[in-house]
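These are notes for a colleague who is opening this structure for the first time. Please read them with the sequence and the model side by side.

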Amino acid sequence: MVLALAQLRLPQGRRLVLRGGRRPRGLSGPSAPTQAWPGASRSPGVQSVLPTMASGDDSPIFEDDESLPYSLGKMTDLVAVWDVALSDGVHKIEFEHGTTSGKRVVYVDGKEAIRKEWMFKLVGKETFCVGAAKAKATINIDAVSGFAYEYTLEINGKSLKKYMENRSKTTNTWVLHLDGEDVRVVLEKDTMDVWCNGRKMETAGEFVDDGTETHFSIGNHDCYIKAVSSGKRKEGIIHTLIVDNREIPEIS
């Protein structure tokens with residue numbers, strides 16, 4: 001079985017070894033990295049890899065397998081990893097592709113979403129849902145040249161890069177520390193929905209002299225998002241998060 005790996009990160013102190021102590025054909029040196037296809041795109045939603053590990057007894061294993069996280073202990077054909085920031089949190093999407101068997105496995109936040117063991121067609125697409133709002137995600141598998149493949153992720157019909165650019169225009173995000181834990185607050189400006197650490201908050205809106213305020217609570221903390229006009233057409237409405245009468249800076 002041909003094995004392709006991309007963005008495979010080993011925990012500190014761990015190393016990749018092979019049964020029988022042999023090195024995969026096509027790799028040289030004690031710690032040769034996975035080879036990226038020349039000219040491959042570095043877009044956040046695109047991952048291109050050139051399979052370099054051959055099959056046989058040279059199947060990879062990891063030392064101290066029992067303590068490895070699922071993403072290293074189970075994923076032997078891992079080719080791509082994406083982090084997707086949605087209103088309910090940042091979701092990790094991992095994709096396995098067996099370039100001999102055609103196997104396809106998709107994990108979302110560590111949980112298996114799709115598994116297809118044998119596929120005669122090595123290219124194609126897989127569609128699944130991500131997040132509380134069930135955003136439609138699609139992984140496209142395209143042949144680049146020879147045995148090289150390109151993997152692109154789309155969210156709601158847009159490339160990941162385009163989708164994130166659009167979200168930066170339609171949402172505001174704040175991160176703060178409350179009661180000993182990190183809190184991520186997201187405002188969806190088109191609906192005025194407020195999310196806190198993956199949970200949609202109950203809110204109450206009211207008009208004030210210079211705009212509107214959307215009130216909600218995080219534990220025992222009083223919060224509101226104030227919306228005022230910037231007075232500039234290009235900037236539009238400015239949204240500010242206030243927690244316990246303290247303004248929280250927005251993350252870029």
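1. Of the 252 residues of the chain, 41% count as buried. Buried means under 20% relative accessible area, exposed means over 50%, and partly exposed lies in between, with a 1.4 Å probe and protein chains only. The model is predicted: local features need pLDDT of at least 70, side-chain atom pairs count only at pLDDT 80 or more, and totals for chains, interfaces and linings use all residues. Residues are numbered from 1 along each chain as its sequence is written, and side-chain values use heavy atoms, with hydrogens and water left out.

2. The chain holds two helices and 20 strands. Both kinds of element are DSSP runs numbered from the N terminus, helices being H or I with at least four residues and strands E with at least two. The accessible surface of the chain is about 14500 Å², and 49% of that surface belongs to carbon and sulfur atoms. These areas come from the Shrake-Rupley method with a 1.4 Å probe; for residues, only the protein chains shown count as cover. Among contacts (heavy atoms within 4.5 Å) with a separation of 6 or more, 43% come from residues 24 or more positions apart.

3. The largest nonpolar core has 22 residues, and W82, I93, F128 and L153 have the most contacts inside it. A nonpolar core is a set of buried Ala, Val, Leu, Ile, Met, Phe, Trp, Tyr and Cys residues joined through side-chain atoms within 4.5 Å. Elements that give two or more residues to this core include strand 4 (78-86), strand 5 (89-97), strand 9 (135-145) and helix 2 (160-170). Strand 4 gives the most, with five residues. Another core, of 16 residues, lies apart from this one; among its members are M201, C223, I225 and L241.

4. Which residues does F128 contact, leaving aside its neighbours within four places in sequence? They are I93, V106, V108, I114, A135, K136, A137 and I139.

5. The structure holds nine salt bridges. A salt bridge is a side-chain nitrogen of Lys or Arg within 4 Å of a carboxyl oxygen of Asp or Glu. Side chains of opposite charge can pair when their charged atoms come close. One of the bridges joins E126 and R104, at 2.8 Å from N to O. This pair links distant parts of the chain, with E126 in strand 8 and R104 in strand 6, 22 residues apart. Are these two residues buried or exposed? Both E126 and R104 are buried.

6. R115 pairs with E112, the closest N and O atoms being 3.0 Å apart. R115 counts as partly exposed because its relative accessibility is 38%, and E112 counts as partly exposed because its value is 45%. E235 pairs with K232, with the closest N and O atoms 3.8 Å apart. E235 is partly exposed at 47%, whereas K232 counts as exposed at 53%.

7. Helix 2 and strand 12 (171-178) each supply at least two residues of the lining.

8. W118 is in the loop between strand 7 (111-116) and strand 8. W118 counts as exposed because its relative accessibility is 70%.

9. Most residues other than glycine have a negative phi. D179 has a positive phi, near 50°, and is found in the loop between strand 12 and strand 13 (181-188). With a relative accessible area of 64%, D179 is exposed. M192 also has a positive phi, near 65°; its place is in the loop between strand 13 and strand 14 (193-196). M192 is partly exposed, at 25%.
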